[in-house]
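Biologist: Please take a close look at a single part of this model. Keep it brisk, and walk me through how that part is built.

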Amino acid sequence: MSTVKRIFHQFGSPPWLFRFAGFAIPWLWAACLGLGAWGLWWGLVKAPPDYLQGESVRIMYLHVPSAWMSMGIYAGMAVFGFCALVWRVRAAEVIALASAPVGAAFTLLALVTGSLWGRPTWGTYWVWDARLTSELVLLFLYLGVMGLAAAFDEPRKGARAACLLALVGLVNLPLIHYSVEWWNTLHQPASVGVEGSSIHPSMLWPLLLMALATKFYYLANLLTRTRLQLVVENRKSRWVRDWVLETR
Amino acid sequence: MTGRVFLPLLRRDLLLAYRRRSELLLPLVFLMVVVSLFPLGVGPGLQVLSRIAVGVIWIAALLATVLSLDGLFRGDFEDGSLEQLVISGHSLPLAALARVAGHWLVAGLPIVLLSPLLALWMNLGEGGWSVLVISLALGTPTLSLLGGIGAALTVSLHRGGQLLSLLVFPLYVPILILAASAVTAATDGLPYNGQLGLLAAALVAALSLAPWAIAAALRLSLE
Amino acid sequence: MDHTPFIVGAYAAGALVLTWCALAPVLRLRRLRRQLADRQRRRAAAESA
């Protein structure tokens, strides 16, 4: 445990984390935009249309990475929440809380792109399909975490409560996911398994590139939000006052 | 020492509830009003009603549970007895379990007992009645336990009611799905043991995990 | 059925959501920095006066 604690305490030092984030953010953005442009070119121009879904398969290059991120960020948020509650590391609290809006944005995006994909494919914008439904429940979980954090007058108390809720949600998430999937097969025994078909290699590369780009987006956005939160929490301390007066 | 906190707390909660008997009826009246609105909204056609019966009764039960959960720990929080309990050295998860058990006996069990009447109103197929009662008996304690976590997290907030429902409804999704499909299977003459078994498993899991989460949330709220 | 409007719509929504989500904290940090700088300048002026 001592190694974990040491790493966290270095990251937990607000001025150090603030400087580190300020240094890393431009590089992360560069990686995100570079990979994203490459992936978009591959997905929108180079990749062929799918023989079943036609051109609308191109929405997948945005939809699938967003759905992956929406679940991955929730898991990450809960892991940092766990660290915050067990080792009482302030930085982990800040990171967990900063993850929530980014995760909610990806969830929203997965829902919007999913229903825009559904209109040409299924003929309707919204189907109570297992994936869309569990994404919707996931959005509610994110909104709950954000709402709880915002409802407290003391930000730290709200952050810790939100961390605990994220943990409870993480325990429940697989149950929600599998029960929704099972519920769906119960009510739609003859659903068309378009999405279930295996991925053609020509789709794999743009998908992987976009998935990497969204990961860098998350990291850059997370560090930006962490910087904001650090300044809000330490506005009276020396290093913030020095930073405020620095020439831009 | 741990054995000495559960029963006294439970007895106290039941006694307090008994002294305010009229408040006990409120969740039940709420349940009846909500269910009786559905025929008015979707029309009195018996076929339509029997198709949506399970969902309506279960969702009304969810709403009634959450409504009664809002004040689960608030009184104890505001008069300081929660703080006394925490520093008394008694097991806090056990105390939380006592609180939730009291809540279920007062607000959950009546729903279970009332459900045959609701099934009658909603024209639920007769094969589903007993399964509806069993599913509510297995499911509502889980609802109380999961909701207890939300109630403990929002205990120090002044207007936690709507937030509480946002927090706990997503957690209720698996229970709702399992219970509804058990009853639907029973009315269709299909086997339903699997769903009821999973509901029981969820109850056991919630019984063994939720008290610790509630205790952690209460400690957080008192910090 | 022409799929182009749906693809364009999906990517436009993506650009909108992700840009907003990325810019919001930057703008808030900038505003906060300006506020803190103003406050410090005012306090410095009050002390020197």
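This is a predicted model: local features need pLDDT of at least 70, side-chain atom pairs count only at pLDDT 80 or more; totals for chains, interfaces and linings use all residues.

Modeller: Among contacts in chain B with a separation of 6 or more, 82% join residues 24 or more positions apart. The secondary structure is quickly told. Chain B has nine helices and zero strands. Its pattern along the sequence reads α-α-α-α-α-α-α-α-α.

Next, the overall dimensions. The C-alpha trace of chain B spans about 55 × 35 × 30 Å along its principal axes. As for burial, 51% of the 223 residues of chain B count as buried.

Now zoom in on one residue, Ile57(B). Neighbours within four places in sequence are left aside here. Ile57(B) is then in contact with Val35(B), Ser115(B), Leu118(B), Ala119(B), Met122(B) and Leu132(B).

Ile57(B) also belongs to the largest nonpolar core, which has 160 residues. It is one of those with the most contacts inside that core, and Tyr172(B) and Ala182(B) are listed with it. Chain A supplies Ala162(A) and Leu165(A) to that list. The largest share of this core, 18 residues, comes from helix α4 of chain A, residues 90–122. In soluble globular proteins, nonpolar side chains tend to be buried together.

Chain A has another partner to note. There, 29 residues of chain A are in contact with 22 residues of chain C. The chain C side of that contact has 16 nonpolar, four polar and two charged residues.

Definitions and conventions: Residues are numbered from 1 along each chain as its sequence is written. Chains are lettered from A and ligands numbered from 1 in the order in which they are written. A nonpolar core is a set of buried Ala, Val, Leu, Ile, Met, Phe, Trp, Tyr and Cys residues joined through C-beta atoms within 7 Å. A residue is buried if 20 or more other C-beta atoms lie within 10 Å of its own, exposed if 12 or fewer, and partly exposed in between; C-beta atoms are placed from the backbone. Helices (H or I, at least four residues) and strands (E, at least two) are DSSP runs, numbered from the N terminus. Two residues are in contact if their C-beta atoms, placed from the backbone, lie within 7 Å. Ala, Val, Leu, Ile, Met, Phe, Trp, Tyr, Cys and Pro count as nonpolar, Asp, Glu, Lys and Arg as charged, and the others, Gly among them, as polar.
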